[in-house]
Amino acid sequence: MYNRGWNKLNKSDDNHKYELKASTEKEQCTAILNFTQLAFDYDEEWLVVVDTKGNLYCIDLYEDIPLYKRLGKIEQATFLAINPRYREEILIGCNTGDIKIWKLYTNLNEFSLLSGHKLPPIHISFYKSHCLTYSKSEVIIWYLQSYSKTYQLKINAKNAVIRKALFSNTGHIVVLYNNDTMQAWLFRQLDKDIKINTKIFDALSVKDFNFTKDGKAMIMISIKGINILNTYDWSLLRKLSLPSNFVQVKQLAVIPRPLDGGANKIVALLSSKCSLHFCDLNLLNSLEISDAINRVKKFAVSSAGKYIAYINQEGCLNIMHTNKIITEKCSQSKKPLELDRPQAHKISDHLEYVQQSMKQELDAKRLISILTEFGEYPKQYRAIIWSIILKLPANRNAYLALANKVTRGGFTWDTLRNYSVADKNKASLLAMTMNCLLQWCPLLVQSPFLPNLAFPFLMVFQKDPLLAFELILSILLNYCHNWFEYHPLPPLNILGIIENILLEADPQLLNIFCEHGITTSEYAWPLLQTAMSEVLSGDEWLILWDHLITFHKPRLLLICVVAYSIHSRENIISLIQSSRDCREDIKDFYSAQGHVRTKDLLKIARKLDQEVPGRVYSNLRSELLQLNHTGPYPLFMMKKYPKFLVENFCTADLKECIAQKQHSQDCNYKIVESNQNFNTIAKQIHDTRLNEILPKA
């Protein structure tokens, strides 16, 4: 019999918790149903549960108060799951060893059957169109499109019982035995297995394990604590100890959170005393455990972490919103997982709270995971992400101290004449930034490339002049810090490093350059002066600097300059061989936008970074400098600048040199004008005399 009506769940005192109760059909009293299994669908829109009598229920989570409906009666279930690719298919583990595949809203007697287990299957996990199920002695992989058995793993279960087997989202398979040994495979390479020795991690009596959503880490819990392993080579990434008063864990689950990029940091732990705890893996080396939800028998987390559902010891089902329960439980602990809402009501306080929350959420490891997963940062969040990575301090006092010294008609106006910007607001921002840079370091007046270098970075922060200025300072201090040893000449030391990298990576291309007299001043310095913004499209350039800024390796900029030439080597060789004036054509090539994808450029750069010996760029600084939060900005170009130019140098001398240069230019203009007048008069005299000599017609 089907109950065709939908009923509301009985809401408890808590706004985020619900309990499901129903009346039995044969009895007149109301009884609390004893649920045994539960599973969310992939889209987090509904939940299926089964009770001890074999009744199957569907709960619609779309409404504010969830609705439930009894679908019918099935036999006792050892597990429940919803197919993530075909969301109307429910997979039900049976005590007979079979797995039923039943389509929602059809008759329960109409189902497909997967047969192969000798013992009751315990759990199921999915990877693309395949699923993995295991019993105490078998692990089987099924192909869901044809409902067929694909592979049965060759497991080491002669003297051990399988405790758990699991598919990751990237195709890793791991089997845990009750003797603490682990066995791992990679899907499509099932003939090769790896033994994971948990003893080397000091993991005794491993109770459970799970993968992060991105599949790059495996979280394993034992009586001594939590071990996080890298699934690439099964090495230990991190080890965390549990509090001494915390009893052993029998179930572990990761809780996905927004912007975590799949590298989940919050986990739920169900202890052997049936208490459910939440903890943050990133906070401490020793976990801080929140206050518990007590009397929990089994729980499940939805795919994106929106809901947590659990069955308590009385058999009741409870459904909660994850955000609320985590905030509520963890705000009671000494180290909360989520920041409490600010108590002040000023706009500045709210903004500060938002900024601090974002900085906490967007830590370096998480950002690297996002960048690795998607290849770039979201456009609307790029400015704040860059500022967080570079730790820009927004030092307003230091900025105003420079900006207030700027006078109209400063040093940069002559430089900017040749750098035209159509948008007046952008031109004003560039001019103001350049003048502030000269107040910070007057020697930069001899750097005509500076506007070309700075402008694309300024456009990322054009709505905030302060952070725009600090971004340029950070780029100069970290990525250009060795460019000024031969200033105002090109940085021969840096260009020499680039030439050495090219020698190691592509000696044939370097030899072609040398044969035609093409130096790094033609094929490298133009790319450096513009931070590669002229040869890459706007979006591709932003993606490049997403990676350069994130990975904190200033040498990667030099490697990317070499990678650009290697990627374009065929075009370069063809241009040289077909050109009459190859040097000029090469200059044009390295100052025009090419059809290069940053993805391809970075692939070459990463390979070079691994293969080129470290001695080639040993003189480069490996760690990034940070700007001061208080006090003036750090000094620049005081030690690396050439001594014969620095000695006895002062701003007055510089102004005098500039005045002399201007006077010389004016004199040259007058000389040219006088020569033009002289040539005109001479021509007139010549024509007059010629007319006098020639006979009249």
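**Burial and packing**

Modeller: Leu270 is buried, as its relative accessible area is 0%. Please note that the model is predicted.

Colleague: In which strand is Leu270 found?

Modeller: Leu270 belongs to strand β27, which covers residues 266-271.

Colleague: And what is Leu270 in contact with, leaving aside neighbours within four places in sequence?

Modeller: The contacts of Leu270, with those neighbours set aside, are Val249, Lys250, Gln251, Ser275, Leu276, Val296, Lys297, Lys298 and Phe299. For Gln251, 19 residues apart from Leu270 along the chain, the separation between C-alpha atoms is 5.1 Å.

Colleague: Turning to the helices, at what angle do α10 and α15 pack?

Modeller: Helix α10 (residues 492-505) packs against helix α15 (residues 555-567) at about 50 degrees, and their axes are 9 Å apart. The two helices are therefore oblique to each other.

Colleague: Which residues make the contact?

Modeller: From α10 there are Ile494, Ile497, Ile498, Ile501, Leu502 and Ala505, and from α15 Leu558, Ile559, Val561, Val562 and Ile566. By class, this contact has 11 nonpolar residues, with no polar and no charged ones.

Colleague: Is the crossing of α10 and α15 right-handed or left-handed?

Modeller: The crossing of these helices is right-handed.

Colleague: Which residues touch the most other members of the largest nonpolar core?

Modeller: In that core of 104 residues, they are Trp440, Leu444, Met532 and Trp545. Helix α9 (residues 465-479) gives the most to the core, with 11 residues.

Colleague: How many residues are in the second, separate core?

Modeller: That core has 17 residues, among them Tyr134 and Trp185.

Notes
Residues numbered from 1 in each chain as written. Predicted model: local features only at pLDDT ≥ 70, side-chain atom pairs only at ≥ 80, totals over all residues. Heavy atoms only, no water. Axes fitted to C-alpha atoms, helices over the stretch in contact; angles between N-to-C directions. Helix = DSSP H or I, 4+ residues; strand = E, 2+ residues; numbered from the N terminus. Parallel < 35°, antiparallel > 145°, perpendicular 65-115°, else oblique. Left-handed = near helix turned anticlockwise from the far one by under 90°. Contact = heavy atoms within 4.5 Å. Nonpolar A, V, L, I, M, F, W, Y, C, P; charged D, E, K, R; others polar. Core = buried A, V, L, I, M, F, W, Y, C linked by side-chain atoms within 4.5 Å. Buried < 20%, exposed > 50% of the residue type's maximum accessible area, 1.4 Å probe, protein only.
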